[in-house]
Amino acid sequence: MEPALLEPILHEFGSLLLRWAHIVAGMAWIGASFYFMHLDAALRPTPQIPAGKGGEAWEVHGGGFYQVKKYLVAPEFLPDHLIWHKWESYFTWITGALLLVWTYYYQATLFLIDPAVLALTPWQAFGIGAGGIAFGWIFYDLVCRSPLGRSDLYVGIVVFVFVVGMALFFQNVFSPRGAFVHTGAVMATIMTANVFLIIQPNQRKVVAALKAGQEPDPKYGKIGKLRSSHNNYFTLPVIFLMMSNHYPITYSTPYAFVIVALALIGGAVVRVFYNRRHAGHGNAWWCWGVAFACLIAAIALCLTTTPQGRLALGLPALVSTAEAAPAPVVEVPPQVQDVVMGRCSMCHTAEPVYEGIATAPRGILLDTPAAMERNKSLILMQSVLTHAMPPNNITEITPEERAALKAWATAR
Ligand code: HEC
């Protein structure tokens, strides 16, 4: 048994399972969020519920008809069997937090810490990340509870500026990719905390009052609905941020926080379109216009300000402090350097010479000893443990060369 090889493989499986569970839970949660927003908007008056106290909707799905009624404050009596919708949210957060630890904190030097941005230790990076996420919730909750909280517009503006500010903060401490995922995690944590700390406890108070034969205070339902609609506007931007770490062009710009702002606006207006449409307020096509404008602005910004984009447009590179900093001196055996330079770096370099490859795939550079050292565990996974790289062995790496990579990457 070779522990040096077993560990990365087990880590990879763990990552796969966590991501799988996270995506499935997220789909269940976001699906429920979309469903209930749609249902709420589609409710129509019904004779069985006094005007202003609720409504009903008829739905057709899976071979049957559903008649769903909503009681705004509380029904006359409470049935024994009540379905709660909360584990979708909790499970999404739990798997997401584990995935964050698994990928970004456990492999902090690979994915989270970029010495060109800030030379953090893994523990410092963890502290800033987890602290930032917790702070995000505290700040948001205070805003909602403050007098500002009475106006949807003010809350919207303050939360928007705050999230963009957090994105700017993270991009000044973390790798660009780590910054995006942390901004997403701040928003996603607000969403789950809304369910866990606000919506559910309020709902339990209503249930308790009903069981005690009292009239529940309508304010609990109202607060719950408000927080739940905040969550709804967060969904699309959060999913964008979580996916974007697979697309380096989205976060490689020095204006990554502007991309976050555009995703927030674009994602939220798409939800506005659907929420209005489902409520029978017509089709607010302007929403798609705004979303499209955000998209075009984001693409234009990525093209003109990322190294890849500028290269594609034939513009001179922007001199960043990262590039100006002297590369750290790293020892990599000459034989390994030769293999990587000969078999990988024609694609994995800022200006690839390989036909059809425009920019370094996945943003992974393998053209200096420092870059090789940094990506050691990825090289081990992609070119030794699996033969995923070079793709289809297009550059004809030999078994001896893979063995040399293995010896280097597993040396302790
Ligand atoms: C012909 C061009 C080419 C060559 C040569 C090449 N790669 Fe890649 N590499 C790619 C492409 C394209 C991707 C993105 C694959 C994808 O998106 O699924 C990639 C992705 C990667 C990744 C990221 C995988 C991930 O998803 O995390 C690593 C690591 C990597 N390559 C390492 C190497 C190493 C090591 C070599 C040399 C032994 C090598 N590559 C040679 C084109 C190349």
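**View 1. Buried residues of helix α16.** In helix α16, the residues E401, R402, A404, L405, W408, A409 and T410 are buried (under 20% relative accessible area, 1.4 Å probe, protein chains only). The model is predicted: local features need pLDDT of at least 70, side-chain atom pairs count only at pLDDT 80 or more, and totals for chains, interfaces and linings use all residues. Residues are numbered from 1 along each chain as its sequence is written, and side-chain values use heavy atoms, with hydrogens and water left out. Helices are DSSP runs (H or I, at least four residues) numbered from the N terminus. Helix α16 covers residues 399-410 and reaches 16 Å from its first C-alpha to its last, close to the 16 Å expected at 1.5 Å a residue (1.5 Å times one less than the number of residues). The cover over its buried residues includes α1, α13 (334-343), α14 (369-374) and α15 (376-385).

**View 2. Surroundings of H11.** H11 belongs to helix α1 (residues 3-42). Its relative accessible area is 11%, so H11 is buried. Not counting residues up to four places away in sequence, H11 touches W102, Y106 and Q107 (heavy atoms within 4.5 Å).

**View 3. Surroundings of M187.** M187 is located in helix α6 (residues 176-211). With a relative accessible area of 0%, M187 is buried. Leaving aside neighbours within four places in sequence, its contacts are V163, F234, P237, V238, L241 and L264. The C-alpha atoms of M187 and L241 are separated by 9.7 Å, and the two residues lie 54 residues apart along the chain.

Note on methods: Helix = DSSP H or I, 4+ residues; strand = E, 2+ residues; numbered from the N terminus. Buried < 20%, exposed > 50% of the residue type's maximum accessible area, 1.4 Å probe, protein only.
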